[in-house]
Amino acid sequence: MIKTTALKKSFGDNHVLRGVDLHIRRGEIVAIIGPSGSGKSTFLRSLIGLERIDDGSIFIQDQALAENGRYPNERTCRRVCAGMGMVFQHFNLFPHMSVRNNLTAAPLAAKKLTVEEAERKCADLLARVGLGDKIDAMPSSLSGGQKQRVAIARALMMDPDILLFDEPTSALDPELTGEVLAVMKDLTDTGITMVIVTHEMGFAREVADRVIFMDGGVVAVDGSPEEVFTNPGNDRLRSFLGAL
């Protein structure tokens with residue numbers, strides 16, 4: 001589903017990605033952990049075209065988003081990324097639009113659903129994330145946890161094959177974090193490929209098929225949750241886990 005080779009990205013003199021090689025299979029749930037500044041979020045954003053890499057290759061479902069640092073035309077990039085959705089740390093809901101309109105705007109425009117189809121799907125997904133009664137609410141009236149659950153429902157509206165989560169609970173207090181993680185856990189049986197940048201080690205251990213530890217802009221460890229958390233063979237990983 002996702003293959004990256006020798007991914008590199010710098011911001012000025014700051015070399016954030018220094019050669020990231022990763023292969024994620026269909027239906028896998030992959031958690032990415034690591035210290036701040038290790039390149040986790042930059043890597044995730046590069047997968048969906050929000051950051052343009054300097055060198056390396058990205059293939060999404062066998063289609064090249066970037067090859068040897070070169071990108072195709074914008075239309076091709078949009079097509080390659082069309083099967084992906086992303087949930088951001090700070091929700092990124094449209095504040096001037098109701099929950100209903102936040103969910104239905106994109107599928108009405110891009111998937112050519114009828115209004116009735118979009119609204120029925122919207123209602124079903126909001127019910128799934130426990131917010132069926134908030135369909136006409138404005139984002140300003142919602143808690144942080146509710147906003148993030150709306151953001152997850154909005155991503156699901158586009159029927160993604162791949163869902164990317166960029167630290168989806170880091171802006172939430174512990175009580176609200178639990179409700180968002182419960183929704184994410186519920187998605188693990190859908191067959192959607194999920195890549196989750198997270199600081200929630202217990203969640204990563206429970207739901208992930210693989211855990212990636214990034215450090216210094218590279219994949220330092222790639223293993224099962226058991227290998228990563230129970231018997232870490234990497235000194236830097238042991239130091240990271242010991243400091244939590």
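I began with the contact between two helices, where Lys121, Leu125 and Leu126 in α4 meet Val150, Ala153 and Leu156 in α5, contact meaning heavy atoms within 4.5 Å. I sorted the residues of this contact into 5 nonpolar, no polar and 1 charged, with Ala, Val, Leu, Ile, Met, Phe, Trp, Tyr, Cys and Pro taken as nonpolar, Asp, Glu, Lys and Arg as charged, and the others, Gly among them, as polar.

I note that this is a predicted model, in which local features need pLDDT of at least 70 and side-chain atom pairs count only at pLDDT 80 or more, while totals for chains, interfaces and linings use all residues. Residues are numbered from 1 along each chain as its sequence is written, and side-chain values use heavy atoms, with hydrogens and water left out.

Next I looked up the geometry of the pair: helix α4 (residues 115–128) and helix α5 (residues 144–156) pack at an angle of about 135°, their axes lying 9 Å apart. That angle makes α4 oblique to α5, since angles under 35 degrees count as roughly parallel, over 145 as roughly antiparallel, 65 to 115 as roughly perpendicular and the rest as oblique. Helices here are DSSP runs (H or I, at least four residues), strands likewise (E, at least two), numbered from the N terminus.

I then turned to salt bridges, each a side-chain nitrogen of Lys or Arg within 4 Å of a carboxyl oxygen of Asp or Glu, and a search of the whole structure gave 15 of them.

I checked Arg128 and Asp186, whose side chains meet in a salt bridge at 2.9 Å, N to O. This pair links distant parts of the chain, Arg128 being in helix α4 and Asp186 in helix α6 (residues 174–186), 58 residues apart. Arg128 counts as partly exposed at 39% relative accessibility, and Asp186 counts as partly exposed at 35%, where buried means under 20% relative accessible area, exposed over 50%, and partly exposed in between (1.4 Å probe, protein chains only).

I also found Arg149 in a salt bridge with Glu179, their closest N and O atoms 3.0 Å apart; Arg149 lies in helix α5 and Glu179 in helix α6, 30 residues apart. Arg149 is buried, with a relative accessible area of 11%, whereas Glu179 is partly exposed at 24%.

My last entry is the salt bridge of Asp215 and Arg236 (3.4 Å, N to O), which joins strand β9 (residues 210–215) to helix α9 (residues 235–242) across 21 residues.

Definitions and conventions: Axes fitted to C-alpha atoms, helices over the stretch in contact; angles between N-to-C directions.
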